[in-house]
Amino acid sequence: LEHGFKDESPVKDDVESGKTVVTNDQYDELLRDGIDNILSHLDIPAVVRIRALMNWVGFWLVILQHSRASAKLGTSPDHIICDCGASNAQLRRASQRCLRNMQTTILEAVDHVLNGASLSKQQRNKIRSFFWATAATIGLLNAWRGRRHFTLGLETLEMNVLAAMSSGSEMSFERFTTEWLFKKCGIVVGQEAAEQAGLLMDFDASIFEENEDQLAIQMEAAGLLSVYSDATRMVGIGRT
């Protein structure tokens, strides 16, 4: 408030006026819900909320870019297969392949919209790199270079917990992985999500069970999950 810039009186936006269209679909609602929940956490430092907001917008743009591209092609968006560190080679390869397929879909959608026109190689690379570089920045990819695959870094996990529930609330780990990560964000981690995504035809269910357990270990270590004596696992901010 002290150092930011603001207009003395409201100024009309002449740049995007008449060009911006609000779709008001599930993805627009996802952005709104996430921002609303993040901003409700007044009990945590402002810097944490600001970081979560920045990461949330980047995370949402990754989901949106692929989803909008799929819609242009008339296909359903792929699910993001996340390798949470269970050290399974089959899962790692599937996640790598998922990344490549999503980038291909984005470029195919660009060609479809251009309707015969062409982009330079540099322009195409910028469009493709926006997707993977944004994912890498927020910790949704394992690395910037080399063989990249989808994962869930600490900041991405913290941001998702803040975006998934309002201040003072919590949800079971199973609901978090299935209802939030999978149904809302399209991310596959555990067995139930893999089954609903139709992946168990090609993968053994134990692969995703181990993957989900590894995620739980990471979240507990980060204070995002509590495990009680009856084996109940609850997700929330400030868990011990």
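**Exercise 1. Determine which residues of α1 meet α2, and how the two helices are oriented**.

*Solution.* Step 1. In this predicted model, local features need pLDDT of at least 70 and side-chain atom pairs count only at pLDDT 80 or more, while totals for chains, interfaces and linings use all residues. Residues are numbered from 1 along each chain as its sequence is written, and side-chain values use heavy atoms, with hydrogens and water left out.

Step 1. Helices are DSSP runs of H or I with at least four residues, strands are runs of E with at least two, and both are numbered from the N terminus. Contact means heavy atoms within 4.5 Å. From α1, the residues Y27, D28, L30, L31, G34, I35, I38 and L39 meet R49, A52, L53, W56, W60, I63, L64, S67 and R68 of α2.

Step 2. Sorted by class, this contact holds 12 nonpolar, two polar and three charged residues. Here Ala, Val, Leu, Ile, Met, Phe, Trp, Tyr, Cys and Pro count as nonpolar, Asp, Glu, Lys and Arg as charged, and the others, Gly among them, as polar.

Step 3. The axes are lines fitted to C-alpha atoms, for helices over the stretch in contact, with angles from 0 to 180 degrees between N-to-C directions. The axes of α1 and α2 come within 10 Å and cross at roughly 170°. Therefore α1 is roughly antiparallel to α2, a term for angles over 145 degrees.

**Exercise 2. Describe the lining of the largest pocket**.

*Solution.* Step 1. A pocket is an open set of points on a 1 Å grid over the protein atoms alone, where a 1.4 Å probe fits, with protein on both sides within 12 Å along at least five of seven lines; lining residues have an atom within 4 Å of a point.

Step 1. Two or more lining residues come from each of α1 (26-40), α2 (46-73) and α6 (173-184), and α2 gives the largest share, four residues.

Step 2. The lining divides into nine nonpolar, five polar and three charged residues.

**Exercise 3. State how many residues of α5 are buried, and what covers them**.

*Solution.* Step 1. Buried means under 20% relative accessible area (1.4 Å probe, protein chains only). Helix α5 (residues 154-164) has eight of its 11 residues buried, including T156, L157 and M159.

Step 1. The cover over these buried residues includes α1, α2, β2 (171-172), α6, α8 (205-221) and β5 (233-235).

Conventions. Buried < 20%, exposed > 50% of the residue type's maximum accessible area, 1.4 Å probe, protein only. Parallel < 35°, antiparallel > 145°, perpendicular 65-115°, else oblique.
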